[in-house]
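Subject: Structure for you to look at

Hello,

I am passing on the structure we spoke about. Please have a look at it first; my notes on what was found follow below.

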Amino acid sequence: MNGERMDLLRTRAALSRMFEPSDNVGLALVEAAGPGDALRVATGAIRAGEALTREVLEVLTAAGIPATGNSLSSALERWITRVPDLAPDRDLSMIGRAGGELLIPEDSRWPEALRDLGLGMPLCLWTRGDLSKGIPALHQTAAVVGSRDSTGYGASVTGDISAGLVTRGWTVVSGGAYGIDAQAHRAALVTGSQARIPTIAVMACGVDRYYPAGNEELLREVVRHGLLLSEVPPGSAPTRWRFLQRNRIIAALSAVTVVVEARWRSGALNTAHHAAALGREVGAVPGSVYSANSAGCHRLLRDGSAVCVTDAAEIVELGSPIGSTGDAAESTHEEVKAVHDGLTIEDMLLLDALPLRSGSLVEKLASVAGLSVSAVRAGLARLELEGLAARDGPDKWRRSRG
């Protein structure tokens, strides 16, 4: 690694610990002075002159952010308290030991979609996962978000949508939280590898922490097969502000943001609003008029802020560039429909477990698919009706060759 790149990594690592997400004055300082001088000014190593103070004010004004002549001096007072905590080499070492790395805007792998955030673009992204596959392009990425206290209906719809997106080669982005987020990641991971990266979790804490703790195993799977991203450095704790600000990253990375379930005042609506502000498409899944968990979705639909969506095909259509759905897209849809349409996640797991040649016992299928014996028997009956499973002797089954 050359010296100039290493200096940039250290500088942006330090800035990410110095500034809270979307610290507009800090981001304006970086834009006005460049990351190196911005860090020196923020730490008090050099003094901000009148010209720089004026330029920071101009950057903020151009971005439509209210600012006064003392905005920079006030920010310097709050930043100085964090100077003793700056240890970029330590943070870079920590992310390296966790098997991750720091991605910066000067890197060719930086997702161009984040530049649409303008001044709000993250200073850097701390990552865990296989970056060699690259972060998917905007037109192949959809955010699936919703309530933490999701209902069975919400979980089922989320599973179907996420699985359908991945089978069409799309990446599912969400926030790693309980409820809809977790189900979106889980279904994307289970579905397979049609997408180079099936799912991305954008965290409100350091990527060295698995938060919430109840999702640790799921997030470990995301690291193994997808990507974990955060704009805050290793060791950072989740805060309400960081949760709200990470939503803009979820929205910016995605061509379309889908809200599956959301209460009247839900964080998922915040993500939808970020998406709308960026000119991205927003979809909402309708629910029961009696369900408080769908009140936020109905609010988006009533206000005209979102389009009604009910399955992955509609989401792909909504998020695809105009004119991009030609014969190839139609043939892919037909291929997916022939095997997967209408199947639940459990039935898809069972279908994957079925051998192609010699039959397998029900108990063996249960072990391979991770399902109960009774669930396997019920699933086999459904797959047989669909022409996807066939008997191969007493209590043995295989995948249908038809």
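Please keep in mind while reading that this is a predicted model. The notes go through the sheets, then a pair of helices, then one tryptophan.

The nine-stranded sheet

Nine strands make up an open sheet with mixed pairing, and their order is S1-S2-S6-S5-S4-S3-S7-S8-S9. Strand S1 (100–103) and strand S9 (307–308) are at the edges; each has a single partner strand, so one side of each lacks a neighbour in the sheet. Inside this order, strand S5 (residues 199–202) pairs with strand S6 (residues 227–230) in the parallel sense, over three bridges. If you want a place to check this pairing, look at Val202, whose bridge partner in S6 is Leu229.

The three-stranded sheet

There is also an open sheet of three strands, in the order S10-S12-S11, where the pairing is antiparallel. Its edge strands are strand S10 (360–361) and strand S11 (389–391), and each of them pairs on one side only. S11 is joined to strand S12 (residues 396–399) by three bridges, and the two run antiparallel. Here Ala389 is opposite Arg399 in S12.

Helices H1 and H6

How are two packed helices described? By the angle between their axes and the distance between the axes. For helix H1 (residues 3–18) and helix H6 (residues 88–97), the axes come within 8 Å and cross at roughly 100 degrees. Angles of 65 to 115 degrees count as roughly perpendicular, and H1 and H6 are therefore roughly perpendicular to each other. On the H1 side the contact involves Met6, Leu9, Arg10, Ala13, Ala14 and Arg17, which meet Pro88, Asp89, Arg90, Asp91 and Leu92 of H6. Sorted by class, the contact between H1 and H6 has six nonpolar and five charged residues, and no polar ones.

Trp241

Trp241 lies in helix H10 (residues 240–253). Its relative accessibility is 41%, and Trp241 therefore counts as partly exposed. Which residues does Trp241 touch, leaving aside those up to four places away in sequence? They are Glu20, Pro21 and Ser22. Trp241 and Ser22 are 219 residues apart in sequence, yet their C-alpha atoms are 9.6 Å apart in space. As for Pro21, its backbone oxygen is reached by the side chain of Trp241 at 2.9 Å.

Best regards

Notes: Residues are numbered from 1 along each chain as its sequence is written. This is a predicted model: local features need pLDDT of at least 70, side-chain atom pairs count only at pLDDT 80 or more; totals for chains, interfaces and linings use all residues. Side-chain values use heavy atoms; hydrogens and water are left out. Two strands pair if DSSP finds at least two bridges between them. Helices (H or I, at least four residues) and strands (E, at least two) are DSSP runs, numbered from the N terminus. Buried means under 20% relative accessible area, exposed over 50%, partly exposed in between (1.4 Å probe, protein chains only). Contact means heavy atoms within 4.5 Å. A polar contact is a pair of N or O atoms within 3.5 Å; within protein, one must be able to donate a hydrogen and the other to accept it, and residues adjacent in sequence count only if both atoms are side-chain atoms. Axes are lines fitted to C-alpha atoms, for helices over the stretch in contact, and angles run from 0 to 180 degrees between N-to-C directions. Angles under 35 degrees count as roughly parallel, over 145 as roughly antiparallel, 65 to 115 as roughly perpendicular and the rest as oblique. Ala, Val, Leu, Ile, Met, Phe, Trp, Tyr, Cys and Pro count as nonpolar, Asp, Glu, Lys and Arg as charged, and the others, Gly among them, as polar.
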